Amino acid sequence: MISLDIVIVALVAVGLFFFLKPKFDERNAEKLSKEILDNMEAQNSPIEVEVAKNFAPVQGERNEGMGVDFIDNSLDNTSSDVVSLTYVGKLVIPKIQVTTPLSEEQGNDLLVSLRFGSGIHSGVGTPLGQPGLTTIWGHRFLTSGRDFNRLDEIVPGDQFYIDYLPTNTRYYYNVYKQDIIPHTELTERVYEHFDDDTVVLITCHPLIYNEQTERLLVYAKPDPDRTGPIPK
């Protein structure tokens, strides 16, 4: 009987662990996200954050390169267990009440940085604020990694802006299209059009844990009439 009680207690403990761990991870990610935003506002400059590769993993995150074939799919391809992330500003989407730190990474670091905010895929396309294509990723899951959960509500005519600290500029963008495509078509439909003067917000679709076989895209053009220095 004692052995059975021990087994029951152990099973309950394991169940609680798997139930509570995602909630703790989500709280840790939200705490770090707020710290990143606060530090950038205080310093008015990009900041670097060092985190463990396995810190606050997003429930439902799959190590598949997000449908882009030039992202290294392995988070274990280096000897270090720590990655250094560079956050360069914030993305603000007023309609869906999103204010999220914006990183500028590529490869594995981009995958990790999305646990705490949104991310420009650096090294592909053009830098923010210059003519050409800029892609910004964000997670869309039921629990942690929820910055783009309501991105499907963004439609033509909506606006968002980015405070980009390297140029001390607030860039405004006007949304002109929303699209949903198979993740296998992302490269040919988006990443082969580097000459487009466009920002594309990219996230997974549909809003479930797994089997997110599509990508939700929001296309926007810069609004030069509103773009200017970041307000003090």
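User: Buried means under 20% relative accessible area. In this predicted model, which residue forms a salt bridge with R170, and are both partners buried or exposed?

Analyst: The closest N and O atoms of the pair R170 and D163 are 2.7 Å apart, and the two residues form a salt bridge. Both R170 and D163 are buried. The partner of R170 is therefore D163, within the 4 Å limit for a salt bridge, and both residues are buried.

User: Where do R140 and D152 lie, and how many residues apart are they?

Analyst: The side chains of R140 and D152 meet in a salt bridge, with an N to O distance of 3.3 Å. The pair links distant parts of the chain, R140 and D152 each being in the loop between β5 (133–137) and β6 (159–164). R140 is buried at a relative accessible area of 4%, whereas D152 is partly exposed at 36%.

User: Which residues are joined into one network with E185 by salt bridges that share partners?

Analyst: E185 forms a salt bridge with R189, the closest N and O atoms being 2.6 Å apart. E185 is partly exposed at 24% relative accessibility, and R189 is partly exposed at 35%. Salt bridges that share partners join E185 into one network with D179 and R189.

User: Which residue has its backbone nitrogen 3.4 Å from a polar atom of the side chain of T100?

Analyst: T100 is found in strand β3 (residues 98–105) and counts as buried at 1% relative accessibility. Among the residues that T100 touches are F116, G117 and S118. The backbone nitrogen at 3.4 Å from the T100 side chain belongs to S118.

How values were computed: Residues numbered from 1 in each chain as written. Predicted model: local features only at pLDDT ≥ 70, side-chain atom pairs only at ≥ 80, totals over all residues. Heavy atoms only, no water. Helix = DSSP H or I, 4+ residues; strand = E, 2+ residues; numbered from the N terminus. Buried < 20%, exposed > 50% of the residue type's maximum accessible area, 1.4 Å probe, protein only. Polar contact = N/O pair within 3.5 Å; in protein donor to acceptor, adjacent residues only side chain to side chain. Contact = heavy atoms within 4.5 Å. Lists of a residue's contacts leave out its neighbours within four places in sequence.
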